[in-house]
Amino acid sequence: MAIQRILIIDDEPDIRELLQITLMRMGLDTRSAECLSDAEELLQTEDFSLCLTDMNLPDGNGIDFVRMMQTQFSDTPVAMITAYGSIETAIEALKAGAFDFISKPVDLAQLRNLVSSALRLQESSQVAIPNETEDQVILFGESPALKKLSTQVKKLSRSQAPIYISGESGSGKELVARAIHGNGARASGPFIPVNCGAIPSELMESEFFGHRKGSFSGAHQDKDGLFKAADGGTLFLDEVADLPLDMQVKLLRAIQEKAVRAVGAESEERVDVRILSATHKDLQALVDAGEFRQDLFYRINVINLQVPSLRERQTDIPILAERFLNQVAQECDVDGARIDSAAMQALTSYSFPGNVRELENIIERAFTLCEDEVIREADLQLEDAPKIAPTKTHRIEEANSTDPIPESGAPALVRPEGMPLEAFLEDIERREIESALQQTKWNRTAAAKMLGMSFRSMRYRLKKLGLD
């Protein structure tokens with residue numbers, strides 16, 4: 001394998017020498033330039049796997065260099081070296097197309113992580129949308145809106161910039177985040193999704209940053225938080241609009257400093273995490289109303305990616321419907337299942353307020369109800385089709401609400417003191433699934449329908465909870 005070559009652009013000899021020595025110890029070849037004109041000459045005669053450029057140079061600035069690279073050498077990632085605390089400059093560089101940034105004085109461990117990520121990106125430059133999994137059907141289709149989305153995913157995967165993914169509920173924001181992660185330099189690292197609205201406020205700091213044994217009642221051992229779990233990979237903050245204001249301040253610091261302090265710890269620890277976030281709410285409106293911090297919004301919204309609703313990609317409805325039907329039929333060992341023409345026409349004419357998630361639910365329900373393995377228009381029940389299935393998060397929020405106990409007399413659910421949140425949620429989930437199975441005489445398809453989930457989700461949960 002040929003030695004990879006890095007171009008260093010900085011007008012300070014000491015910085016150039018420090019970077020050269022560090023990169024040479026990584027087994028890399030280097031070339032250096034003290035101004036943009038010298039760098040452009042080198043680019044015309046040699047190939048580079050990465051460019052490291054200072055912001056302020058004698059004959060221009062690094063932002064202009066990034067823009068030039070995007071138009072003339074788009075396959076070569078560029079990382080910006082910025083002055084300490086110049087977050088605005090770093091964000092401007094990321095918006096211009098920079099792969100990532102590093103602040104002066106240069107932290108050598110952080111530099112090595114950045115360079116390694118960029119080189120992995122070069123090695124995986126031929127990777128397209130990840131191989132299909134159960135959760136990535138959203139990315140299949142032939143509509144112009146879907147093709148545009150796929151192109152954007154591939155482009156944004158080449159950067160480390162924070163991305164804010166907006167779109168309606170059920171449109172597939174998490175699946176798009178997974179595709180961005182799977183196409184990028186962090187694909188071999190962890191992808192950690194977290195629903196910000198599902199974590200009780202009193203546990204939020206511990207969940208995100210971890211805690212040390214004895215730091216609070218119930219902290220019986222050290223625990224790493226979500227940031228540490230995502231180290232070297234991607235942290236996906238779903239429903240980020242639900243973060244309380246005090247937690248927004250702490251999250252902003254963790255993102256800017258690239259370090260976290262566990263509850264009860266005396267010092268911060270470095271983390272290498274890419275932040276992707278999403279919500280179905282209008283985050284700008286929340287900023288204007290003072291319900292979401294403008295500085296955090298500015299930090300996570302470096303690039304905005306809009307996921308189209310299913311109404312904007314109607315030509316994909318038959319493709320997705322057939323895929324969902326094939327999946328549920330295969331799970332039930334049924335051959336020859338199909339959707340007749342009238343039913344397909346009804347689907348393509350429906351508005352789908354619940355988007356792709358609603359389409360999947362409709363197909364699974366219709367397959368359960370249909371005769372002769374043929375889904376007809378009446379089986380779809382589009383007039384009374386549920387807008388969107390309630391998620392586990394919604395059910396937990398309802399359980400923890402302070403509303404009066406309903407007439408049925410169902411007691412409010414209270415997490416026992418000292419019981420970990422994850423175990424508490426699993427216990428609720430297990431009881432709900434067992435109850436549904438008993439009511440349906442252990443018919444898993446009917447139980448899944450009763451709980452508002454897909455058969456595939458039911459099968460996964462049965463296995464996870466040891467009920468299969």
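Visitor: How many residues line the largest cavity, and which of them lie nearest its centre?

Guide: This is a predicted model, where local features need pLDDT of at least 70, side-chain atom pairs count only at pLDDT 80 or more, and totals for chains, interfaces and linings use all residues. Residues are numbered from 1 along each chain as its sequence is written, and side-chain values use heavy atoms, with hydrogens and water left out. A cavity is a set of points on a 1 Å grid over the protein atoms alone where a 1.4 Å probe fits but cannot get out; lining residues have an atom within 4 Å of a point. Points are joined across faces, edges and corners, and volume is the space filled by probe spheres set on them.

The largest cavity has 16 lining residues. I255, K258, V273, R274 and I275 lie nearest its centre. Its space is about 210 Å³. Strand 7 (100–103), helix 10 (245–257) and strand 13 (274–279) each supply at least two lining residues. Helices (H or I, at least four residues) and strands (E, at least two) are DSSP runs, numbered from the N terminus. The lining holds 9 nonpolar, 1 polar and 6 charged residues. Here Ala, Val, Leu, Ile, Met, Phe, Trp, Tyr, Cys and Pro count as nonpolar, Asp, Glu, Lys and Arg as charged, and the others, Gly among them, as polar.

R274 also lines the second largest cavity, as does I180. That cavity has about 40 Å³ of space. Its lining has 2 nonpolar, 5 polar and 2 charged residues. I180 is in contact (heavy atoms within 4.5 Å) with R274, S157 and L276, among others.

How values were computed: On a 1 Å grid over the protein atoms alone, a cavity is a set of points where a 1.4 Å probe fits but cannot get out, and a pocket is an open set with protein on both sides within 12 Å along at least five of seven lines; lining residues have an atom within 4 Å of a point. Lists of a residue's contacts leave out its neighbours within four places in sequence.
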